[in-house]
Amino acid sequence: MIKFENNELVFSFPEVDDQAIVRIHFRRADEPNQIAQLIENPAGDGYCLATPGRLRLHLRPQYPFAVLIRMQGINALTGDEDSRGINELARPQNYFVTPPQGGIDGYLRVGKVLPFYAYADPVEDRASLTIQPFPMKAVEIAQHRRVLCGFNPKWETQFLLPGGDREIEPIYEDMCCIGDWDQTRTELATVWLHGRAG
């Protein structure tokens, strides 16, 4: 289920685990200590950011998740249009893994990483950013919890988006099997940014 609390989108999957929760919010790049104001879109089709400027998406997991992110239907990690369907994780890796991923500051398009921008305008020139988390399967969590929660000193950071300006952390490679993620349990939220960003 998705709830909207304190400028955060809260995804929870109690049928998987009581702790299967991930909170997602945005912060302005020039004000990293303040959460950007997120409001329900007047059109009733998601949320929009009332705080303008260059933004970074932040993930606050209580449980391991694979997260698909698309900007205008284009996969934010690979830059490809996803022809496999909206609910499918794939290799090469087309999703973010949190933990350890804590922040994402842009999306890949035509070989460049472009930043997320908001212009505080819910109607004109909108661009859809879709966020879709998949929890780890309950049967896998005991085996992987220590590795996923950052206790493994050999965590690889080999996945870097080519091109563009990346100001925060690298993209982390998934150390689990793709079958460890529960692709039958997911929710999707749309956040409207400004189309000029793309």
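Biologist: Which side chain meets that of Glu-8 in a salt bridge, and at what distance, N to O?

Modeller: The partner is Arg-60, and the two side chains meet at 2.5 Å, N to O. A salt bridge here is a side-chain nitrogen of Lys or Arg within 4 Å of a carboxyl oxygen of Asp or Glu. Glu-8 lies in strand β2 and Arg-60 in strand β7 (residues 53-61), so the pair ties together parts that are 52 residues apart in sequence. Strands are DSSP runs of E with at least two residues, helices are runs of H or I with at least four, and both are numbered from the N terminus.

Some ground rules first. This is a predicted model, in which local features need pLDDT of at least 70, side-chain atom pairs count only at pLDDT 80 or more, and totals for chains, interfaces and linings use all residues. Residues are numbered from 1 along each chain as its sequence is written, and side-chain values use heavy atoms, with hydrogens and water left out.

The two ends of the pair sit in unlike surroundings. Glu-8 is buried, at 5% relative accessibility. Arg-60 is partly exposed, at 40%. The cut-offs are under 20% relative accessible area for buried, over 50% for exposed and in between for partly exposed (1.4 Å probe, protein chains only). Glu-8 and Arg-60 also belong to a network of salt bridges, together with Lys-3, Glu-5 and Arg-23.

Stay in β2 for a moment. This strand covers residues 8-12 and includes Ser-12. Ser-12 is buried, with 11% relative accessible area. Leaving out residues up to four places away in sequence, Ser-12 touches Met-1, Ala-20 and Ile-21; contact means heavy atoms within 4.5 Å. Thr-186 is 174 residues from Ser-12 along the chain, yet their C-alpha atoms are separated by 9.3 Å.

Now to other charged pairs. The whole structure has eight salt bridges. One of them joins Asp-30 and Arg-28 at 2.6 Å, N to O. Asp-30 is exposed at 53% relative accessibility, while Arg-28 is partly exposed at 22%.

Another salt bridge links Asp-174 and Arg-91, at 3.2 Å, N to O. Asp-174 sits in the loop between α1 (138-151) and β15, and Arg-91 in the loop between β9 and β10, so this pair connects parts 83 residues apart in sequence. Asp-174 is buried, at 5% relative accessible area. Arg-91 is partly exposed, at 39%.

Gln-93 belongs to the loop between β9 (74-75) and β10 (96-98). Gln-93 is buried, at 4% relative accessibility.

Next, the rings. There are four aromatic pairs in the structure. One is Phe-4 with Tyr-47, tilted, at 5.2 Å centre to centre and 50 degrees between the planes. Phe-4 is in strand β1 (residues 2-5) and Tyr-47 in strand β6 (residues 47-49), so the pair ties parts 43 residues apart in sequence. Phe-4 is partly exposed at 30%, whereas Tyr-47 is buried at 14%. Tyr-107 and Phe-116 form a stacked pair, at 5.7 Å and 20 degrees. Tyr-107 is buried at 1%, and Phe-116 is buried at 0%. Phe-13, Tyr-63 and Phe-65 make up one aromatic cluster. For the terms: rings of Phe, Tyr and Trp (its six-membered ring) pair if their centres lie within 6.5 Å, with planes under 30 degrees apart stacked, over 60 edge-to-face and the rest tilted.

Last, a covered strand. In β14 (residues 126-135), nine of the ten residues are buried. Strand β8 (residues 65-71) pairs with β14 in the antiparallel sense over seven bridges; pairing needs at least two DSSP bridges. There, Met-71 stands opposite Leu-129 of β14. Strand β15 (residues 189-194) also pairs with β14, antiparallel, over six bridges. In that pairing, Arg-126 stands opposite His-194 of β15.
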